[in-house]
Amino acid sequence: MADLLFFVFATVAIGSAIGVVVARNPVGSLMSMVATLAAVAGIFVLLEAHFLAAVQVIVYAGAIMVLFLFVIMLLNLGHDYERDMKGGVWSVMAFATTGGLAGLLVRQLGRSADSPTFLTGDGGDAIDAALAEYGAVGAIARPLFTDYVVPFELVGILLLVAIVGAIVLAKKDV
Amino acid sequence: MITEALFVSALIFVIGTLGVIVRRNVIIMFLCIELQLNAVNLAFVAFSRSVGIEGQLFVFFVMTVAAAEAAVGLAIIISIFRHYESVNVDHFNALKW
């Protein structure tokens with residue numbers, strides 16, 4: 001059952017990722033992106049990352065994608081069907097480069113599947129134990145507020161800087 | 001399932017890279033960068049099944065940085081659009097105006 005669900009989510013994720021690239025309309029691209037994010041959230045659930053799946057749907061698909069949609073509407077691009085793919089030598093080189101990158105990644109991952117260093121640790125059991133003891137939120141909140149509290153606070157400062165920067169950049173007369 | 005998730009992540013990353021290279025609409029290029037970030041998140045979650053909860057914590061931080069980056073990047077896009085009346089990167093041909 002889990003394998004079947006994984007296959008479905010993976011197919012939807014990759015298919016709509018291709019949709020993001022090939023859609024002519026920015027809004028269509030955005031909707032494909034939301035589908036990708038939802039499918040990846042499904043894969044997160046299958047990998048026992050329940051809290052991250054919820055955050056993915058609420059923050060990524062809910063907030064960030066709506067921000068993109070606002071900008072598309074603000075710039076009035078919703079009916080922009082003009083082709084903007086690069087053609088000719090550029091696209092041939094792009095496909096060659098990304099094909100090479102794909103080959104390299106698949107080769108390296110195939111090799112790492114043989115070597116047991118990365119993929120056979122017992123971290124999954126530790127996560128399952130933490131999930132059973134503290135619940136989906138507590139399992140990730142405990143290390144976040146103990147061992148990783150300094151990065152957490154730094155990320156808060158980063159968000160503040162981003163808010164101020166976005167307002168300064170988007171304002172007409174500063 | 002870890003290896004399969006890593007392969008899916010690699011494919012999504014490559015598709016995002018292709019999108020950044022071949023599209024000229026700056027908003028779609030930006031969306032493709034988000035696609036790449038999301039592919040990396042998927043790889044982190046897959047590795048967390050082997051190395052522990054730290055993989056999921058990194059995804060948390062990546063999402064926050066992605067949100068900050070989207071806010072600032074879209075503000076820059078709006079600012080550039082006011083000047084050039086276009087979102088096509090080929091029209092952005094001056095470093096100074």
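**A tour of chains A and B**

From the N terminus on, the elements of chain B follow the order α-α-α. Select chain B to begin: it has three helices and zero strands, where helices (H or I, at least four residues) and strands (E, at least two) are DSSP runs numbered from the N terminus. The model is predicted: local features need pLDDT of at least 70, side-chain atom pairs count only at pLDDT 80 or more, and totals for chains, interfaces and linings use all residues. Residues are numbered from 1 along each chain as its sequence is written, and chains are lettered from A and ligands numbered from 1 in the order in which they are written.

**Chain B as a whole**

Keep chain B selected and view it along its principal axes. Its C-alpha atoms fill a box of roughly 50 × 25 × 15 Å. The radius of gyration of chain B is 16 Å, whereas a compact globule of 97 residues would have one near 13 Å; the radius is taken over C-alpha atoms, and the globule rule is 2.2 Å times the number of residues to the power 0.38. Of the 97 residues of chain B, 53% count as buried. A residue is buried if 20 or more other C-beta atoms, placed from the backbone, lie within 10 Å of its own, exposed if 12 or fewer, and partly exposed in between. Among contacts in chain B between residues at least 6 apart in sequence, 47% join residues at least 24 apart; two residues are in contact if their C-beta atoms, placed from the backbone, lie within 7 Å.

**The interface**

Next, display both chains. In chain B, 61 residues are in contact with 68 residues of chain A. On the chain B side, the elements that give two or more residues are α1 (2–22), α2 (26–51) and α3 (54–84). The largest share, 21 residues, comes from α3(B). Coloured by residue class, this side of chain B divides into 44 nonpolar, twelve polar and five charged residues. Ala, Val, Leu, Ile, Met, Phe, Trp, Tyr, Cys and Pro count as nonpolar, Asp, Glu, Lys and Arg as charged, and the others, Gly among them, as polar.

**End of α3 in chain B**

Select Glu85(B), in the segment after α3 of chain B. Its phi is near 55°, a positive value in a residue other than glycine. Most residues other than glycine have a negative phi. Glu85(B) counts as exposed because it has 9 C-beta neighbours inside 10 Å.

**Two helices of chain A**

Move to chain A and select α2 (residues 26–46) and α3 (residues 50–74), whose axes come within 8 Å and cross at roughly 175°. The axes are lines fitted to C-alpha atoms over the stretch in contact, with angles running from 0 to 180 degrees between N-to-C directions. The crossing makes α2(A) roughly antiparallel to α3(A), a term for angles over 145 degrees. Among the contacting residues are Leu30(A), Leu37(A) and Phe44(A) of α2(A), and Leu52(A), Tyr60(A) and Phe68(A) of α3(A). The contact comprises 20 nonpolar, two polar and no charged residues.

Glu48(A) is in the loop between these helices. Although not a glycine, Glu48(A) has a positive phi of about 65°. With 18 C-beta neighbours inside 10 Å, Glu48(A) counts as partly exposed.

**Domains of chain A**

Finally, colour chain A by domain: domain 1 (1–120) and domain 2 (121–174), with bounds from an automatic or database domain assignment. Their C-alpha centres lie 22 Å apart. Four residues of domain 1 are in contact with seven residues of domain 2. The domain 1 side divides into one nonpolar, two polar and one charged residue.

Methods. Parallel < 35°, antiparallel > 145°, perpendicular 65-115°, else oblique.
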